[in-house]
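This briefing is meant to be read beside the sequence and the model. Please keep both in view while going through the points.

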Amino acid sequence: MEFTAAQIASFINGKIIGDETATISGVSPIESGEKGHLSFVAQERFADHIETSACSVLIVSEKLLTKDSYPTTVIAVEDAYLSFQVLMNLYNEMKGRKSGIEEGAVFHETAKVGENVYVGAFTCVSEKVKIGDDSQIYPQVFIGKNVKIGKNCIIYSGVRIYDYCVIGDHCIVHSNTVIGSDGFGFQPTKDGYQKIPQLGNVVLEDDVEIGANCTIDRGTIGSTVIGKGTKIDNLIQIAHNVKIGRNNVIAAQAGIAGSTVIGDWNQIGGQVGIVGHITIGNQVKIQAQSGVNSSAKDNEILYGSPAINASEYRRNYVHFRNFSQIVKRINDLENNSKDKTNG
């Protein structure tokens, strides 16, 4: 698809500086722009590219513009980053959606499918499954019995959804994620470890997005819950009976142990580990690679392993980096003290 600068400006309420008939048919990063492509400049550190980019059209934040003309066509907006997101969402909608049941998909006779649903080849839909209107189920997905999938969801190839799990409206689950696998529950006995049956399920509330290769365990009894609007990156493990609130973001390779409760609007960095049976409040920020072994109050910022207040951690780390010098100074003081005593 091709668009003119004038058409793009109309979508984002932008002001054109240059040729409004300039056309684009693709997008590029600003560092490697190409003729016929669109890019954006939203930060001062990239402002030099306004003069040098090969892109045919640039969306630029007004605060970065200092001239009346530029080598390429510029669309001036208040916030170039947000405007570019608007365009990407529009483009995504214009690509169209698949619908219908592809050959090779397997349905149990009791499964119920809404309107305008797409189900890809070799997907298995088990008994009493319910799939809401406008949802997209890509090839090679397994959906266990009594699973409920809401409206306008996207379930990508290779996802496995175990029995009785519930997925709300407008959710996205990326490839090879497993929802509802058994929690890690074993009872030690004199003969080894006895498996504890995992009888619960997983509930994803509305507008949740789960990245690729994640594992969300079903509750032992009751539900593991991911709250509305929460976004989970790739390669994340969430254990049985964890309760995660609304609008959290969790970066890749984090792990959350069983029965931990996490509030709303938290930011959890990559490779964070959180022990079980604790409570994380609201609007907590946990820096990457931190190990959290105790509960956290609202608005805390944690860092380190075991995690402590981030400001305290940084102050202490300054001393740690100078630790060898501190030890040397102590040794020198002790030696000087001995010399004076012996003298």
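Helices, as named here, are DSSP runs of H or I with at least four residues, numbered from the N terminus. By that numbering, Ser83 lies in helix α3, which spans residues 80-94. The model is predicted. An open sheet of 12 strands and a largest nonpolar core of 48 residues are among its features.

**The open sheet**

- The 12 strands follow the order β8-β11-β14-β17-β20-β25-β28-β31-β34-β37-β39-β40, and their pairing is mixed.
- Strands β8 (100-101) and β40 (308-309) stand at the edges; each has a single partner strand, so one side of each is left without a neighbour in the sheet.
- Strand β20 (residues 172-173) runs parallel to strand β25 (residues 209-210), and two bridges join them.
- The bridge partner of Val173 in β25 is Ile210.

**The β22-β23 hairpin**

- Strands β22 and β23 form a hairpin, with two residues between them.
- Four bridges connect β22 (residues 186-189) with β23 (residues 192-195), and the two strands run antiparallel.
- Pro188 has Tyr193 of β23 as its bridge partner.

**Nonpolar cores**

- In the largest core, of 48 residues, those with the most contacts inside it are Ile143, Ile149, Ile167, Leu204, Ile238, Ile274 and Val292.
- Ile274 touches Gly255, Ile256, Ala257, Thr260, Ile262, Ile268, Ile286 and Val292, leaving aside residues up to four places away in sequence.
- Another core, of 16 residues, lies apart from the largest one and includes Ile8, Val57, Val77 and Phe84.

- Four residues of helix α1 (residues 5-12) are buried: Ala5, Ile8, Ala9 and Ile12.
- These four cover an arc of only 100° around the axis, which puts them on the same side of α1.
- In general, an α-helix has 3.6 residues a turn, so residues three or four places apart point the same way.

- Beyond residues up to four places away in sequence, Ser83 touches Ile12, Ile59 and Val77.
- Among these contacts of Ser83, Ile12 is one of the buried residues of α1, and Val77 belongs to the core of 16 residues.

**Aromatic pairs**

- The count of aromatic pairs comes to six.
- The ring centres of Phe3 and Phe11 are 6.3 Å apart and their planes stand at 75°, so this pair is edge-to-face.
- Phe3 is buried, at a relative accessible area of 15%, whereas Phe11 is partly exposed, at 39%.
- One aromatic cluster is formed by Phe40, Tyr81 and Phe84. Phe84 is also among the residues of the 16-residue core.

**Glu31 in a loop**

- Glu31 is located in the loop between β4 (26-27) and β5 (37-41).
- With a relative accessibility of 52%, Glu31 counts as exposed, because the cut-off is over 50%.
- Glu31 touches Phe46 and His49, when residues up to four places away in sequence are not counted.
- Glu31 and Ala54 are 23 residues apart along the chain, and their C-alpha atoms are separated by 9.5 Å.

Note on methods: Residues are numbered from 1 along each chain as its sequence is written. This is a predicted model: local features need pLDDT of at least 70, side-chain atom pairs count only at pLDDT 80 or more; totals for chains, interfaces and linings use all residues. Side-chain values use heavy atoms; hydrogens and water are left out. Two strands pair if DSSP finds at least two bridges between them. A nonpolar core is a set of buried Ala, Val, Leu, Ile, Met, Phe, Trp, Tyr and Cys residues joined through side-chain atoms within 4.5 Å. Buried means under 20% relative accessible area, exposed over 50%, partly exposed in between (1.4 Å probe, protein chains only). Contact means heavy atoms within 4.5 Å. Rings of Phe, Tyr and Trp (its six-membered ring) pair if their centres lie within 6.5 Å; planes under 30 degrees apart count as stacked, over 60 as edge-to-face and the rest as tilted. The arc is that of the directions from the helix axis to the C-beta atoms.
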